[in-house]
Amino acid sequence: MASSLFRNFQTYPLLLSPSALFRRNNGVLFCTLNSTTQTATQEKQPSVQTKVSPQSKVKTVDKLLKDYEAIIGIETHVQLSTLTKAFCGCPYNYGAQPNTTICPICMGLPGTLPVLNSKVIEFAVKLGLALNCKLSLSSKFDRKQYFYPDLPKGYQISQFDIPIATGGYVDLDLPVEFGGGHRKFGITRVHMEEDAGKLLHSGNGSYSQVDLNRAGVPLLEIVSEPDMRSGIEAAEYAAELQRVVRFLGVSNGNMQEGSLRCDVNVSIRPLGQVEFGTKVEIKNLNSFAAINRAIDFEISRQVHLHSQGQGDSIIQETRLWEEGAQRTVTMRKKEGLADYRYFPEPDLPGVLLTEEYVDSIRTSLPELPEMKRRRYEDMGLSMQDVLFLANDKNVAEFFDATVAKGADMKLAANWIMGDIAAYINNEKVSINDIKLKPEELAELIASIKGGTISGKIGKEILFELIAKGGTVKGVIKEKDLVQITDPAEIEKMVDKVVSENPKQLEQYRAGKTKLQGFFAGQVMKASKGKANPVLLNKILQEKLNAKN
């Protein structure tokens, strides 16, 4: 048994100190392991990708499930944005050189004792309240024991039988393009634990290196009820958790950095059956789109096996999602429930919360995504506008600040969802990075609505303010952009354009009325975009339709 456990470690004869297990590379400390196994993701498989619209994908899965029901639950790990780790004073900086933010506690050296970071408790209570959970005023930490090279202590400090929060739920709205609708998914529990380190695998798979920077980083694990029935529901559930932790400020929720990691459990059962089918866990899901696609693939795989009379071949296992091949593959089989030999953590006291402490945190909670969506809906915004604006905390705050300055609600939403969102996406920045201020967007909307400038000029001013900052009034004055609203002045420009284009005038009067746009464009060009469009079109129509 011992030889099978340790066969992948490099061994060195006559080691006299623990430091001999490590080697230095460019001043960075590494622990090196040999690896003789090949992971499922290293298998060479042909990559087949087909572009399918969201609606057709949903219909395909729905068709497959006409005789079956999918049962889906998610375990989500949220990395907390604390300044230091859970049980020591080491910071955690994503992307730092390996093994540069560690200490004897992170490394699990004998004789070290953990000291709980109080921010972990605060963030756990915040998230528990935000997810409508019942808080345990008295909880504790436990040791979860298992062997893995990136777990230096040989156990993980977690919570087992008394988690800090239980029995909650999350409300969300599905995107309009997926049929819309409101959903409510149960939360089984939220518990605190520490993260493990990270294995860095060599390119040829011959050895692995251990980076302990992440060891001891505080996590909250959120376990859902098996309430989801499709890939899109599961993806939207995960996205809602991301929104919640970001609105609370307890985590940045960046999946690409591992700050939000989801393991999905999928099973199917014939319609009407009460018992659950055999559960399959899926890992390696680094985006919401991957969660959606992986679940839909796994549902299709299991339905196909059932329809072929091979339902017994579905076994309890962990599968990896291969993004390139767009499929799940076996990672490891689960013979049964793992025995982690939990017992209370002897080096940490119990966690005792008072009602006063919980109430103080409850009163400090910000407006959460679900509350914001309902408020926007009550304001009269469409569901498409509601989902866009409430999706990002910073965008929602920008919109609220703009409306608070007196801007028309719908016009503010249109500008933010249109030109501002396009700029942000193209430049790959956040709304906090642009130099346009909410009060200036409100001023811009008022200037267009009041006739001071045209919508076209408004766009030019918008992009100027986004890139350089400043004020609407300042740009209008500096560039002389005030809209021309004098009918006599506009009439002179119209007369000039009509007289200079006799051929087009003749064609217009012969029935090609679309040429009105040509004349309007010429007048706008002559006025440098400053002619009032409503007044211009009125005068132009009178001139074009005049008998003489």
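**Notes on the predicted model**

1. Strand 3 and strand 13 (residues 260–270) run antiparallel and are joined by eleven bridges. Within this pairing, Ile72 has Val266 of strand 13 as its bridge partner. Strands here are DSSP runs of E with at least two residues, helices are runs of H or I with at least four residues, and both are numbered from the N terminus. Two strands pair if DSSP finds at least two bridges between them.

2. Strand 3 also runs antiparallel to strand 12 (residues 218–224), to which five bridges join it. Here Glu75 has Val223 of strand 12 as its bridge partner. Ten of the twelve residues of strand 3 (residues 68–79) are buried, so the strand is largely enclosed by the rest of the structure. Buried means under 20% relative accessible area, exposed means over 50%, and partly exposed lies in between, with a 1.4 Å probe and protein chains only.

3. On the source: this is a predicted model, in which local features need pLDDT of at least 70 and side-chain atom pairs count only at pLDDT 80 or more, while totals for chains, interfaces and linings use all residues. Residues are numbered from 1 along each chain as its sequence is written, and side-chain values use heavy atoms, with hydrogens and water left out.

4. For the chain as a whole, the secondary structure comes to 17 helices and 18 strands. Of the 548 residues in the protein chain, 46% are buried. Among contacts (heavy atoms within 4.5 Å) with a separation of 6 or more, 71% are between residues 24 or more positions apart.

5. An open sheet of three strands has the order 7-6-17, with antiparallel pairing. Strand 7 (155–158) and strand 17 (343–344) stand at its edges with a single partner strand each, so one side of each is left without a neighbour in the sheet. Four bridges pair strand 6 (residues 142–145) with strand 7 in the antiparallel sense, and Gln145 has Tyr155 of strand 7 as its bridge partner.

6. Where does Asn213 lie? Asn213 is in the loop between strand 11 (207–211) and strand 12. Asn213 is buried, with a relative accessible area of 3%. Its side chain reaches the backbone nitrogen of Thr101 at 3.0 Å. Leaving aside neighbours within four places in sequence, the residues in contact with Asn213 include Lys85, Tyr92, Pro98 and Ile102.

7. In helix 8 (residues 383–391), the buried residues include Asp385, Val386 and Leu389. The buried residues of helix 8 pack against strand 8 (165–173), helix 4 (231–248), helix 7 (369–378), helix 9 (393–404) and helix 10 (409–427).

8. Helix 14 (residues 487–500) and helix 16 (residues 516–526) pack at an angle of about 125°, with their axes 9 Å apart. Axes are lines fitted to C-alpha atoms, for helices over the stretch in contact, and angles run from 0 to 180 degrees between N-to-C directions. Helix 14 is therefore oblique to helix 16; angles under 35 degrees count as roughly parallel, over 145 as roughly antiparallel, 65 to 115 as roughly perpendicular and the rest as oblique. The contact is made by Met493, Val494, Val497 and Val498 of helix 14 and Phe519, Gln522, Val523 and Ala526 of helix 16.

Key. Polar contact = N/O pair within 3.5 Å; in protein donor to acceptor, adjacent residues only side chain to side chain.
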